[in-house]
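Visitor: I would like to learn how to read a few features of a model like this one. Please take them one by one, with the general idea before the case.

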Amino acid sequence: MPVEITWWGHATCTVEDANIRVLTDPLFARRLAHLRRRRGPIPPAEARRADVALVSHLHADHLHLPSLACLAPGTRLLVPRGAPRAVPGVRRLRRLRITEVAPGDEVRIGEALVRVVPALHDGRRLPVGPQRSPALGYVVEGEARTYFAGDTGLFDAMAERVGPVDVALLPVGGWGPYLGEGHLDAGRAARALARLAPRAAVPVHYGTYWPIGMDAVRPHEFHAPGDEFVRLAAVSAPQVAVHKLGHGESVRLEVAR
């Protein structure tokens, strides 16, 4: 059975593998604080159907409480350890089955195994907060091994800590013209791809949300990271098939180990 990846925008993807549906960092909002969805429609109801949802870290565009509240009762939700303490609204998601996780944890979901891996990123609930939770990545192991990086910078032990993977969902941009520490831009994502050496990759976390009032400011920074990643990946990791998806588009990947 092939793995199917659907990109709904920003860091939100559905991974279908081993008869389960995995949803990453659900974000279904038209507007979030100073951000407005610029490309792609609001994901349809189908996008909210999942056996398990994965939250990579506590930033509001990744742990979005209204979007999580839209998930069906009984949906499994994996959040960074300490999230219910740091973000009290998580405790109000009583209809979901919440599990706090940290790097090294493994969670069995039906026929698949979800491994929790580290990320290099500020995991706090911004703008400030005394409580800290780890920023996470996840590897979904079914017929394929699919790595969802969440938000992360490039770190020396990335390939070792993530392990062998077949598909990589890598952030290549953000929601503003500049990326700080703890992020991958198109160039760093291409270098990460060379280290991870999966069979296939999908660029995410770009070209969806943009600050209100900045529509005409450096538009190439908003739209270009996906194409730039494709170009740089062809140089850094030519053996990897890169699939740049439009919002709501899917790709089915046959993975033979």
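Visitor: Are W7 and Y206 buried or exposed?

Guide: Both W7 and Y206 are buried. Buried stands for under 20% relative accessible area, exposed for over 50%, and partly exposed for what lies in between, with a 1.4 Å probe and protein chains only. The model is predicted, so local features need pLDDT of at least 70 and side-chain atom pairs count only at pLDDT 80 or more, while totals for chains, interfaces and linings use all residues. Residues are numbered from 1 along each chain as its sequence is written, and side-chain values use heavy atoms, with hydrogens and water left out.

Visitor: How many aromatic pairs does a search of the whole structure find?

Guide: A pair of aromatic rings is described by the distance of the centres and the angle of the planes. Rings of Phe, Tyr and Trp (its six-membered ring) pair if their centres lie within 6.5 Å; planes under 30 degrees apart count as stacked, over 60 as edge-to-face and the rest as tilted. The search of the whole structure finds one aromatic pair. W7 and Y206 form this pair, which is stacked, with 5.3 Å centre to centre and 10° between the planes.

Visitor: Which parts does the pair tie together?

Guide: W7 lies in strand β1 (residues 3-9) and Y206 in the loop between β14 (200-204) and β15 (209-211), so the pair ties together parts that are 199 residues apart in sequence. Helices (H or I, at least four residues) and strands (E, at least two) are DSSP runs, numbered from the N terminus. The loop between β14 and β15 also holds H205. H205 has a positive phi of about 60° although it is not a glycine, and at 2% relative accessibility H205 is buried.

Visitor: Where is A197 found, and what is its phi?

Guide: A197 sits in the loop between α4 (186-196) and β14. Its phi is positive, about 55°, although A197 is not a glycine. A197 is partly exposed, with a relative accessible area of 41%.

Visitor: In what order do the seven strands of the sheet with β8 and β17 run?

Guide: Strands of a sheet pair through backbone hydrogen bonds, either parallel or antiparallel. Two strands count as paired if DSSP finds at least two bridges between them. Here seven strands form an open sheet with mixed pairing, in the order β8-β7-β6-β3-β2-β1-β17. β8 (97-101) and β17 (249-253) are the edge strands, and each pairs on one side only. From one strand to the next, the twist averages 20°. Angles of this kind run from 0 to 180 degrees between N-to-C directions, with axes being lines fitted to C-alpha atoms, for helices over the stretch in contact.

Visitor: How many residues of β7 are buried?

Guide: Five of the five residues of β7 are buried, so β7 is largely enclosed by the rest of the structure. Strand β7 (residues 76-80) pairs with β8 in the parallel sense over five bridges. P80 stands opposite V101 in β8, and V79 opposite E100 in β8. Strand β6 (residues 52-54) and β7 are also paired in the parallel sense, over three bridges; A53 stands opposite L77 in β7.

Visitor: Which strands stand at the edges of the sheet that holds β9 and β16?

Guide: That open sheet has seven strands in the order β9-β10-β11-β12-β13-β14-β16, and its pairing is mixed. β9 (106-109) and β16 (241-242) stand at the edges with a single partner strand each, so one side of each has no neighbour in the sheet. Strand β10 (residues 112-118) and strand β11 (residues 136-141) pair in the antiparallel sense over six bridges. The bridge partner of V116 in β11 is Y138.

Visitor: Which residues of α6 are buried?

Guide: P225, G226, F229 and A233 are the buried residues of α6. They cover an arc of only 90° around the axis, which puts them on the same side of α6. The arc is that of the directions from the helix axis to the C-beta atoms. S236 also lies in helix α6, and at 37% relative accessibility S236 counts as partly exposed.

Visitor: How many disulfides does a search of the whole structure find?

Guide: A disulfide is a covalent bond between the sulfur atoms of two cysteines. The criterion is a pair of cysteine sulfur atoms within 2.5 Å. The search of the whole structure finds zero disulfides. C13 is in none, and the nearest cysteine sulfur, that of C70, is 18 Å away. C13 counts as buried at 0% relative accessibility, and C70 is partly exposed with a relative accessible area of 38%.
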